[in-house]
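Work through the exercises below with the structure in view, and try each task before you read its solution.

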Amino acid sequence: MATRTGTVRTGAKPKVAARARRLLCFFDRIDETAVGGWAVDFEAPEQSLRLRVMIDGVIADVVPCDLHRDDARLVTPVNSRIGFYYEIPARYRDGLRHTITFATVDGEAVPLSSRNGEMGALNFCLAKPTRVEAVLDGLVGGLIQGWAHRVDDAAGTRLGGVKILITAAGQPLAEVVAEQFRADVAGATGGDAACGFSVYLPEGVRQRRMTLQVFAMPERQEILGSPLDIEFPSAGASEQIETLMARTDELFSFAFNLRRELQSALPRERYFLEDYARWAAASLPLALARAEARYGALPEPGPLVSVVCPVYRPAIGEFLAAVDSVRAQTYPNWELLLVDDASGDAALSAAMRELAAADKRIRVLARKRNGGIARATNDALAAAKGELVAFFDHDDLLEPGALEIMLRAWRATGAKLLYSDEDKVERGGALGEPHFKPDFNYRFLLEINYICHFVMVEAGALRAAGGLDPALDGAQDHDLLLRLCEHLAPAEIHHVPEVLYHWRKTGSSTAAAGAQAKPKAVTAGETAVQAHLARRKLPAKVSSREGMTCYEVEWQFRPKARQGAKVSILIPFRDHIAMTRECVDAIRTHTKDVAYEIILLDNWSSKDGAEAFTAAQANMPNTKVIRIAEPFNYSRINNIGVSAAAGEYLLFMNNDVFVSEPDWLRRMLDECLADPKLGAVGAKLLYPNGTVQHAGVVLGVGGVADHAFRGLDGRAPGYMAHAMAAQEVSAVTAACMLVRKRAFLDVSGFDEESLKVAFNDVDLCAKLTKAGWKIVYLPDVVAEHRESISRGDDFDNTKLGRFMWENEVMRQRYAKVLPNDPHYNMHFSREGGVYHELRLLRPEQI
């Protein structure tokens, strides 16, 4: 959808042929907060018009022109009820300049006039007594960042959307709207999260040294932190930095530190989740070209797509904008089935009839009794004629290329179920809160309906799975997706990595308020997942995580199922005897319901107490000690340990990891029992201060790989629940990793020749994935990790050469794999900022 500064423009007339009209709207009353006049369609003067009211190009309301006018006979003698009076909503009383235009319900622009003659639009500015609270954070990564709230003490509101003016030496440089997502500000102030701003100063206005003043407008109030003194490198310095950055990739011994320093010194265009609207303005218009580069041509002939839309009492303006977004599709062969679920709203019903009359691709079905979203959708599915079905809500928005992009992907992949990325749209049209999704991830879908919108399914697959279940309203889509998974192979489910759907945030929607907006949805979701697992004959207990529509699946295998499933726990160590003793003591204290052995791999310990410790441990039941008198080689040490392991499963554990929960190993083992194709399971590891050290590994970030959510509070859900929900990932750390022994041997174990210290666990996981095994991150197994106490830091200068060599081994071995982690959306940056920094991909980069 065409955007400007992240705002969805929903007032444009869809490109649909319509009969010629002679329309006119005349203003003759303009009060302090309202406007009035009359409007007529001279081709049908006997009918009172109903008009879309568009403020700043966004549909705000629908107003009927049915007030009696004594002077109507001067306009048309056949109808005196042509007048209207419209009260401007309070949200526009903000001291800013706005414009009003009108259109018919089906989108035909209505010319405006007044006693002063013709007018393109009516401009207004309504003042409201407020104050501004704003802070300039400073220069961050080349961006001038801050936030601003407009505070109305009487109403008790703190809203974003404040205009920000940036000047230097009294001259304006940039003007932006503070509407980017700032969760930190919302948490600290209790105000609107859409209050942040960031500005990138192009080279044309940059000076070597500058003093910037930043003002909130229209008050021209200088904000806290202004003025700001900043310094930019010269053009020549920037060129030199870029040359050196390219050179660092060839210089192993000092490339890592040099590149990091230079990267921080060079200003560049950067995008973060907090300023998603700016990214969206640049990226969404490229989606169709990216899809063409990725998927190729549209299918010929183009199939009919049935867009099914249950309708129940939406705001009229938001409903019209939703329909407009379907009518504006670049792909023309669609039908839109609107199911009026007994809304009981005469104006809404009339609008649907007018839309159907204006566009023959729109069909309206009316239910006599309200049945809920599932029943209404089932009515649409029964009437659908298309080869494919797309699901659409009555107040959401599609990108103009949504259907075309999905169909290109359908043709190229042969998938029967396709889903896209999505974001949320505010009432005023601003975009935010993007959901950049992984490729199909069944284990994640058990925990949360991450697929959500936009979904397109082959009609035959839908019929095989059955319709929506009315008993599960609130989670009816989650239930349907799980039933589809029972009928489709994973290769028949495809993720289209483009934001094609804008989920409307309203006061009562799940999009705005999360699970708490619809508490019945939580229970319905638990039921849906539980029923799905029962159909698959998998014993499990399903429960909501913290009252959200995110579910913990705890497998409930009987002890008999674990008979013969012995685990060999391999722990390398060199000295650090007290810590190693603490590690094994914790295992013996807290491990229940699993048969296990401990194999201590002594890599040449020599300090006081080492010999006594190993002798004592060797005399413990189910314990082996293997002395390896060789230079440190993590891969070789563990491969030697595996050769002595008696278990069907191998638990690789660092001696600085400490378990404290009695079911930790049982849950990891049960995860393997639930899926015979599962090759490895990783735990959530926390630093001693309770923050995340490991919550899965993301490939390609920072060169080879990086841990997800490092430093996040251990109880926090993370981006779209990725830190708190079980899911397939591309890799997990071997600091605490359970591996099926058969899978380990199938891929020849750890690489002890080229990856002696770093990346050996990532390499193992990549080999497992290539061989068809799955990797799962399990957040419900939590342990403490005092990272690298025994070995020190890989980035120590004495080890940097070896690290860079192993880094290059991985880069060359997995040149095509690392940049394309299927569980990490392509729109996230690979430079850094895991689940935080975005990148702008151009079609030629696909």
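**Exercise 1.** Determine whether the crossing of H15 and H16 is left-handed or right-handed, and describe how the two helices meet.

*Solution.* In this predicted model, the crossing of H15 and H16 is left-handed. The next step is the angle: the axes of helix H15 (residues 577-590) and helix H16 (residues 610-618) come within 10 Å and cross at roughly 15°. Angles under 35 degrees count as roughly parallel, so H15 runs roughly parallel to H16. Turning to the residues, Ile577, Thr580, Arg581, Val584 and Arg588 of H15 are in contact with Ala610, Phe613 and Gln617 of H16.

**Exercise 2.** Classify the aromatic pair formed by Tyr634 and Phe750, and state which parts of the chain it ties together.

*Solution.* The structure holds 24 aromatic pairs. In the pair of Tyr634 and Phe750, the ring centres are 5.8 Å apart and the planes stand at 70°. Planes over 60 degrees apart count as edge-to-face, and therefore this pair is edge-to-face. As to location, Tyr634 belongs to helix H17 (residues 634-643), while Phe750 sits in the loop between helix H19 (741-746) and helix H20 (760-770), so the pair ties together parts 116 residues apart in sequence.

**Exercise 3.** Where does pLDDT stay under 50?

*Solution.* Begin with the whole chain, whose mean pLDDT is 90, with 89% of its residues reaching 70 or more. Then look at residues 1-7, where pLDDT stays under 50 and the model has 27 contacts beyond four places in sequence. Residues 789-794 also stay under 50, and for them the model has 18 such contacts.

Note on methods: Residues are numbered from 1 along each chain as its sequence is written. This is a predicted model: local features need pLDDT of at least 70, side-chain atom pairs count only at pLDDT 80 or more; totals for chains, interfaces and linings use all residues. Side-chain values use heavy atoms; hydrogens and water are left out. Axes are lines fitted to C-alpha atoms, for helices over the stretch in contact, and angles run from 0 to 180 degrees between N-to-C directions. Helices (H or I, at least four residues) and strands (E, at least two) are DSSP runs, numbered from the N terminus. Angles under 35 degrees count as roughly parallel, over 145 as roughly antiparallel, 65 to 115 as roughly perpendicular and the rest as oblique. A crossing is left-handed if the near helix is turned anticlockwise from the far one by less than a right angle, and right-handed if clockwise. Contact means heavy atoms within 4.5 Å. pLDDT is the predictor's confidence in each residue, from 0 to 100. Rings of Phe, Tyr and Trp (its six-membered ring) pair if their centres lie within 6.5 Å; planes under 30 degrees apart count as stacked, over 60 as edge-to-face and the rest as tilted.
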